[in-house]
Amino acid sequence: MSGPLADLSYRHYADGVVNDRAWWAIARNGFRGTVKKKGFWVLTAMSSWWYAVVLVMVYVFEQIAANSIRQQAQDRAVDFISSITWNRVILDGVSFGQIFYLFLALMAGAGAIANDNRTNALLVYLSKPCTKMDYLIGKWLGVFLPLVLAMLLPQVGFFFYGAMSYHDYGFLRQDPWLVLKLPLLAMIMAAFYTSIVLGMSSLFNQGRLAGAISAAIYFITNFFTVLLGGIIAAGASMESSTTVSTPLKLAFYGSVDGIMIATAKGILGEDQGGLPLGGPQNNLSVPALPLWVPLLFSLVVAGLLLFLAHARVRAVEVVK
Amino acid sequence: MITLNHASRWYGQVIGLNDVTAVIPTGVTALLGQNGAGKSTLMRLITGQLKPTTGEVLVRGEAPFGNPEIYRYIGYCPEIDNFYEYMTGRQFVRHMGRLAGYGRTEANRRADLAIDRVGMSDRCDRPIKGYSKGMRQRIKLAQAMLHDPEIILLDEPLNGLDPVGRREFMDLLGQLGHEGKAIVVSSHILFEVEQMTRSILLLHRGRLLASGDLRAIRDLIDKYPHRITIETEQTREVAARLAALPYIVSLEFGRDGRSLELKTREPDRFYDEIPHLVLDQGLSIDGFGSPDNNLESVFHYLVEN
């Protein structure tokens, strides 16, 4: 400070100042705002439908194994449960949950910056002891944390139920690291979705528009990769071949959904999902990429969008 | 408290503020100007949300741009008020308290005090989306003052307030000014500003046209004749007496036949003469006033002349 000033020692500003974590105040506000919505819990529940289906199926087969009067039926039921690859179940769960993760991300993040742009709320935020980086980190965490929660809850629920009920069928033995892989996967997926939605949100002045564009990117890229998946599957079937060229694999995983599935495959160490009695596996039949490929791709895309957000976030509209 | 030293701000080819030099002291200072005059640009320079293109802006001796520490001493009440409609007023102010760095208990305590001070205690638990314009203004002021800042900047704060609300708001600003805070109020509603302060900064097309005490500014324009309107039933008799005064420049009869408008180069001498006209010469004067005694006229004088 320079220059003489009046005695301002009576000021009370510093009373009660405990931290400089403006980003945490913003993050917590975003988190609370999202988890208070009924839609958040509905979508979270819907995203876990595959786990529910698997648990019901396993329960039914368990009952058959225990109660059927026919030995053959009992044996088949035990064989079914014993031959389940639990990581594949989770891979399927992650795959089928993608659309719900998208909706959750849109609910939590599409308006996060766009609405502030529309109402010029940044004028207030940035007039507090809060930097642009505080604001961005806070907004990012405010979307990321509810998404992690939504992604992790069904997986953790399934894991603990499986660990308690199906340890005799190899639930814990198959992959002892699964308990660590699940939060890692949830965090990577949540970070990716958050970065995309927040980046798009920063480009617009209306949350709905940002959400619509984000959804369009998701669905358009997904449409082409599903189409490509069909072509790959048909080609492999015609040639009775199981090999897929690297460019085709890259193209197949070239969508929001695809990148996340590739990441899930890499982390879970599975090339495909499905239950022993033939679960849906079409879009998971393409072999996994090395984990670093989807991670690097995610990082570049997320970094680019966050860079855009950083450039866009400012308190005033500058007239060009 | 706030110093602007040849501060200019350009938006590409458009100039927002042009070479403004001023010192804003404690107390209430009005920032006056028409739309586009540069009031908001000046406020955003002070709040550190814009960087001056040339020159410097100092708040407590420090440049505010990119200096969040200085924001601890600034409370800003922007013109916009349609944010966080889903929150209640109390939640919003508390959230702003947390943003200012306070712990939960302290933020809540300060928010409640600030809300009480702006007279919103009984209505602050309703969602902001249901608030009237006046209630929004009060809540904005509450968030601006909850951290007891030394400087409070208010962009068009009287918009939407009813007469009672305006009076209360102005009284509150006056109190804050007397507490040693620097209150900067931007407005184009001049008569309201006139009731708040005589210290003004007058902006026009980005330039600082005048600054200082309203009366001092008024003296600057005294080379232009000062208009005074007199209401009387004896228009001709009064006109005859006034015409004899050497400092009266012109006289004009009102169309209603009950008023006179005169122009004088020495208004103070004329005001001194009025009691003599009434008491010594027995003339009946029902009322008098000057359209040049308000800020509107000061603004027009300075802009047009």
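Analyst: A residue is called buried under 20% relative accessible area, exposed over 50%, and partly exposed in between. The model is a predicted one. By that scale B:R258 is partly exposed, because its relative accessible area is 34%. B:R258 forms a salt bridge with B:E233, with 2.7 Å between the closest N and O atoms. B:R258 lies in the loop between strand 11 (248-253) and strand 12 (259-264) of chain B, and B:E233 in the loop between strand 10 (226-231) and helix 8 (235-243) of chain B, so this pair ties together parts that are 25 residues apart in sequence. B:E233 is exposed, at 53%.

A second pair in chain B is B:K181 and B:D148, whose closest N and O atoms are 2.4 Å apart in a salt bridge. B:K181 is in the loop between helix 5 (163-178) and strand 7 (182-187) of chain B, while B:D148 is in the loop between helix 4 (133-145) and strand 6 (151-155) of chain B, so the parts tied together are 33 residues apart in sequence. B:K181 is buried, with a relative accessible area of 3%, and B:D148 also counts as buried, at 17%.

The salt bridge between B:E69 and B:R72 has an N to O distance of 3.1 Å. Here B:E69 is partly exposed at 44% relative accessibility, whereas B:R72 is buried at 8%.

Salt bridges also link B:R90, B:R94, B:D112 and B:D125 in a network. Over all chains, the count is 19 salt bridges.

How values were computed:
Residues are numbered from 1 along each chain as its sequence is written. Chains are lettered from A and ligands numbered from 1 in the order in which they are written. This is a predicted model: local features need pLDDT of at least 70, side-chain atom pairs count only at pLDDT 80 or more; totals for chains, interfaces and linings use all residues. Side-chain values use heavy atoms; hydrogens and water are left out. A salt bridge is a side-chain nitrogen of Lys or Arg within 4 Å of a carboxyl oxygen of Asp or Glu. Buried means under 20% relative accessible area, exposed over 50%, partly exposed in between (1.4 Å probe, protein chains only). Helices (H or I, at least four residues) and strands (E, at least two) are DSSP runs, numbered from the N terminus.
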